[in-house]
Amino acid sequence: RVEFPGAGAERVEDAVCRRIEAALERVDQVRELRCEARENLATARVESAEGTDVNRFLADVRAEIDAID
């Protein structure tokens, strides 16, 4: 969940969702990724493939999200 006060849904999509989606393309074992933009807010959900080492997966996701500038 990323708050973006004062931004419309389109701005949230461009400034937040697309950047999250691009960053998480680099993570192995992503089964599904959904990012929803609303006014003032983006929510993202990422699922790992079955059999994935969850701790490694979460670390990889966090690292990519933290690297977004």
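Biologist: Which residue in E3 is the bridge partner of Cys35?

Modeller: This is a predicted model, where local features need pLDDT of at least 70, side-chain atom pairs count only at pLDDT 80 or more, and totals for chains, interfaces and linings use all residues. Residues are numbered from 1 along each chain as its sequence is written, and side-chain values use heavy atoms, with hydrogens and water left out. Helices (H or I, at least four residues) and strands (E, at least two) are DSSP runs, numbered from the N terminus. The partner of Cys35 in E3 is Ala44.

Biologist: What is the mean pLDDT of the chain?

Modeller: pLDDT is the predictor's confidence in each residue, from 0 to 100. Confidence is lowest in E1, at a mean of 94, and highest in E3, at 97. In the chain, 100% of residues reach 70 or more, and the mean pLDDT is 96.

Biologist: In what order do the elements of the chain run from the N terminus?

Modeller: The secondary structure comes to 2 helices and 3 strands. The C-alpha atoms fill a box of roughly 40 × 20 × 15 Å along the principal axes. From the N terminus on, the elements run β-α-β-β-α.

Biologist: What is the order of the strands in the open sheet?

Modeller: Two strands pair if DSSP finds at least two bridges between them. E2 and E3 pair over 8 bridges, and E1 is joined to E3 by 2 bridges. The pairing is antiparallel, and the order is E1-E3-E2.

Biologist: Why is one side of E1 and of E2 left without a neighbour in the sheet?

Modeller: Each of these strands has a single partner strand, so one side of each stays without a neighbour. The reason is where E1 and E2 stand: at the edges.

Biologist: What angle does the direction of H1 make with that of E2?

Modeller: H1 packs on the sheet and touches E1, E2 and E3. Axes are lines fitted to C-alpha atoms, for helices over the stretch in contact, and angles run from 0 to 180 degrees between N-to-C directions. For H1 and E2 the angle is about 165°.

Biologist: Where does H1 bend?

Modeller: The bend at a residue is the angle between axes fitted to the seven residues ending there and the seven starting there. For H1, residues 9-24, that angle is about 30°, and the place is Cys17.

Biologist: Is Ala15 buried or exposed?

Modeller: Ala15 sits in helix H1. Buried means under 20% relative accessible area, exposed over 50%, partly exposed in between (1.4 Å probe, protein chains only). Other residues of H1 on the buried list include Val12, Val16, Cys17 and Ile20. At 15% relative accessibility, Ala15 counts as buried.

Biologist: Which helix is included in what covers the buried residues of H1?

Modeller: Three strands are included in the cover: E1 (2-3), E2 (30-38) and E3 (41-48). The helix included is H2 (54-66).

Biologist: With which side chain does Glu47 make a polar contact?

Modeller: Glu47 lies in strand E3 and is buried, with a relative accessible area of 18%. Contact means heavy atoms within 4.5 Å; leaving aside neighbours within four places in sequence, Glu47 is in contact with residues including Gln29, Arg31 and Phe57. A polar contact is a pair of N or O atoms within 3.5 Å; within protein, one must be able to donate a hydrogen and the other to accept it, and residues adjacent in sequence count only if both atoms are side-chain atoms. At 2.7 Å, the polar contact of the Glu47 side chain is with Arg45.

Biologist: What phi does Asn40 take?

Modeller: Most residues other than glycine have a negative phi. Asn40 is in the loop between E2 and E3, in a hairpin with 2 residues between the strands. Asn40 is partly exposed, with a relative accessible area of 31%. Asn40 is not a glycine, yet its phi is positive, at about 70°.

Biologist: What is the relative accessible area of Gln29?

Modeller: Gln29 is in the loop between H1 and E2. Its phi is positive too, near 70°. Gln29 is partly exposed, at 44%.
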